[in-house]
Amino acid sequence: MNMKKLALTSAVVLTAAVSSVSVNAADTVRIATEGAWAPFNYIDDSGKPQGFDVDIAWALCEKMEADCKVVTQDWDGLIPGLKVRKFDAIIASMSITEERLRQVDFTNKYYSGGLRFLAPKGKEFNLEELDGKVIGAQRATLAAQYLEDNFMGKSDLKFYDTQDSVYLDLISGRLDIVLSDELPTYDWLKTSGNGDKFEFKGKSFKKEDEIGIAVRKGDDLKEKFNKALDEIMEDGTYQKINAKYFPFSIY
Amino acid sequence: MELDFSVVIEYFPRLLTGTWMTIKLVLLSIVLGALVALPIALARISKNWLISGVPFAFIFFFRGTPLLVQIFLVYYGASQFEAVRESFMWPILREPFWCAIIAFTLNTSAYTAEIFRGAIQAIPEGEVEACKVIGMTKAQMYRRILLPRAFGIVLPAYGNEIILMLKASALASTITLLDLTGMARTIIARTYTPIEIFLAAGGIYLVISILVIYIFRQVEKRQNRYLGTLSIKVPDKG
């Protein structure tokens, strides 16, 4: 089923504004994002991918003077899709982990993440010991992996295809508590109208979590992206994009 | 790109756990689906629109919409309403397993009802007339003649429906159930070996399908014994 989905989504290729410099079609850099991780990447009303990741992608393309396409792909098909050349880079808020480094190369970080628990207001948890609790997370994320490593067999773990489904089941009460990345959840609490019922529990952790751009192993795109990253950090483009989404630096 | 099948061996026990979940889902929804389908099929045959109207709408809806949509409606849709969450149904509806069973049962019962209806209507008119001539009541006719006859006719199509259900059960993975597909996807999330793990999962589905086909062939042979072995006689020349 996944391969079918993969083929389908890559067929729905979403093109957007092209940088002024024209290059050969062969030089087109196809960048994949998920489109379900607001405010980092999401699909707007007109069906185009938007968000922090997408803005960064366009800014980098401009510096690289490359012809870019941004496509969307379900989360757990991103790395498989990159490996079989459905696209050339993943800018989808992907954490740099050892497991992933065995499959792909990563550029330098373009922001830092961190995990944090989320639960209904007024409920107290001992976050060290969530025995018997139903904990939710998105499948194939750092949060899911952390839960598998620390709570497997003790708590009831539920993994979802998208973060939106995780929120839905937290609201419905099927989940006691959720583990997710702090920044998108910060945005969700602020913008979804659920901030009065839910709150973060405990401090954020895994702050060493660095988010990078994934490319195929040995691809020289990595160096091009790194150079462009340095450039947008220096000329203030990055800071402008950061300020558009968060009132504090997320680098 | 080279394949590494050692992950299949390493994670095989977890794939089997997923297989067991898939088998539970399919068995339960097939049995419940058949029980729901029989009255629907009988009502659907009625020439009275008051009786056949509702079954018609039911079949129309469940055959005409994607199973994925039906699962989402039961799992995410129902849970949006405070009234549902506070009702006596919630202990059942909060469980993804039962949501999947409800959606699968309704879906397969719509298809099965149509299969049953077709089988009952495929019985030669002469046999129905014979029942009437002997003086059987309608209930007797169905119980003694029509339903047992329909059972023999229904088998090939019904076996097909079970195999379709087996494959459709992969959609349970979208509502957090760790069926064979869900388990495969969870393993891949860690190992990043989609080809190896999906090949293994596909192989397991294939084995289950072969079993279903074999069982149905045996039952068919038994049920339709009276038909004898099919033989074509070639007339001698001359």
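These legends describe close-up views of a predicted model.

**View 1. Helices H2 and H9 of chain A pack against each other.** H2(A) covers residues 52-64, and H9(A) covers residues 237-245. Their axes lie 10 Å apart, at an angle of about 165 degrees. Angles over 145 degrees count as roughly antiparallel, so H2(A) and H9(A) are roughly antiparallel to each other. The crossing of H2(A) past H9(A) is right-handed.

**View 2. Side by side: the residues in the contact between H2(A) and H9(A).** H2(A) contributes A:Phe52, A:Asp55, A:Ile56, A:Ala59 and A:Lys63. From H9(A) come A:Thr237, A:Tyr238, A:Ile241, A:Asn242, A:Lys244 and A:Tyr245. By class, the contact has six nonpolar, two polar and three charged residues.

**View 3. Three strands of chain A form an open sheet.** The strand order is E2-E3-E4, and the pairing is antiparallel. E2 (36-37) and E4 (49-50) of chain A stand at the edges. Each has a single partner strand, so one side of each is left without a neighbour in the sheet.

**View 4. Strand E2(A) meets strand E3(A).** E3(A) spans residues 41-43. Two bridges join E2(A) to E3(A), and the strands run antiparallel. A:Ala36 stands opposite A:Tyr42 of E3(A).

**View 5. Chain B has helices and zero strands.** Its secondary structure comes to 10 helices. Along the sequence, chain B reads α-α-α-α-α-α-α-α-α-α. The C-alpha trace of chain B spans about 70 × 65 × 25 Å along its principal axes. Chain B has a radius of gyration of 22 Å, whereas a compact globule of 238 residues would have one near 18 Å.

How values were computed
Residues are numbered from 1 along each chain as its sequence is written. Chains are lettered from A and ligands numbered from 1 in the order in which they are written. This is a predicted model: local features need pLDDT of at least 70, side-chain atom pairs count only at pLDDT 80 or more; totals for chains, interfaces and linings use all residues. Side-chain values use heavy atoms; hydrogens and water are left out. Axes are lines fitted to C-alpha atoms, for helices over the stretch in contact, and angles run from 0 to 180 degrees between N-to-C directions. Helices (H or I, at least four residues) and strands (E, at least two) are DSSP runs, numbered from the N terminus. Angles under 35 degrees count as roughly parallel, over 145 as roughly antiparallel, 65 to 115 as roughly perpendicular and the rest as oblique. A crossing is left-handed if the near helix is turned anticlockwise from the far one by less than a right angle, and right-handed if clockwise. Contact means heavy atoms within 4.5 Å. Ala, Val, Leu, Ile, Met, Phe, Trp, Tyr, Cys and Pro count as nonpolar, Asp, Glu, Lys and Arg as charged, and the others, Gly among them, as polar. Two strands pair if DSSP finds at least two bridges between them. The radius of gyration is taken over C-alpha atoms; the globule rule is 2.2 Å times the number of residues to the power 0.38.
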